[in-house]
Amino acid sequence: MESLQGVHHFYPGLLLALIGFLMLWAPKPWMAVVGIVICLLGVWIMLDDLWQHAMQRFVQPGYDSLLKTLFYKCNRQFPLIGRVTEFVDALFCGRRPF
């Protein structure tokens with residue numbers, strides 16, 4: 001599994017997609033439209049992470065997508081993002097997150 005330098009932007013994308021999906025049942029119609037946009041943004045982020053890992057595995061080992069580079073810069077600016085990413089990564093890898 002990757003270290004923090006290879007932080008997974010799949011997780012925030014998944015969170016955005018879920019939030020956007022849940023907003024589809026909001027009482028106000030404009031919230032449903034915003035939910036569609038947020039959900040599509042989350043799906044785009046997840047697909048970018050999957051594309052990056054496929055490229056790293058089969059084509060170019062050091063490949064970094066544009067969103068991964070942006071996410072890594074945000075991770076350095078906001079340490080909470082890194083901590084949440086490490087926590088979720090530990091959960092999915094079967095390690096103790098603490």
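The structure is a predicted model, in which local features need pLDDT of at least 70 and side-chain atom pairs count only at pLDDT 80 or more, while totals for chains, interfaces and linings use all residues. Residues are numbered from 1 along each chain as its sequence is written, and side-chain values use heavy atoms, with hydrogens and water left out.

The protein chain has 4 helices and 0 strands; helices (H or I, at least four residues) and strands (E, at least two) are DSSP runs, numbered from the N terminus. Along the sequence the pattern reads α-α-α-α. Of the 98 residues, 31% count as buried, where buried means under 20% relative accessible area, exposed over 50%, and partly exposed in between (1.4 Å probe, protein chains only). A contact requires heavy atoms within 4.5 Å. Among contacts between residues at least 6 apart in sequence, 53% join residues at least 24 apart.

Helices H3 (residues 66–77) and H4 (residues 79–93) have axes that come within 5 Å and cross at roughly 110°. Axes are lines fitted to C-alpha atoms, for helices over the stretch in contact, with angles running from 0 to 180 degrees between N-to-C directions. H3 is therefore roughly perpendicular to H4, a term for angles of 65 to 115 degrees, whereas those under 35 count as roughly parallel, those over 145 as roughly antiparallel and the rest as oblique. On the H3 side the contact is made by Phe 71, Cys 74, Asn 75 and Gln 77, and on the H4 side by Pro 79, Ile 81, Gly 82 and Thr 85. The buried residues of H4 are Gly 82, Thr 85, Val 88, Asp 89 and Ala 90, and their cover includes H1 and H3.

His 9 lies in the segment before helix H1 (10–22). Because its relative accessibility is 2%, His 9 counts as buried. Its C-alpha atom is separated by 6.6 Å from that of Phe 71, 62 residues apart along the chain. Not counting residues up to four places away in sequence, His 9 touches several residues, among them Ile 45, Asp 48, Leu 67 and Phe 71.

Phe 21 and Trp 25 form an edge-to-face aromatic pair, 4.9 Å centre to centre with 80° between the planes. Rings of Phe, Tyr and Trp (its six-membered ring) pair if their centres lie within 6.5 Å; planes under 30 degrees apart count as stacked, over 60 as edge-to-face and the rest as tilted. Phe 21 counts as partly exposed at 41% relative accessibility, and Trp 25 as exposed at 60%.
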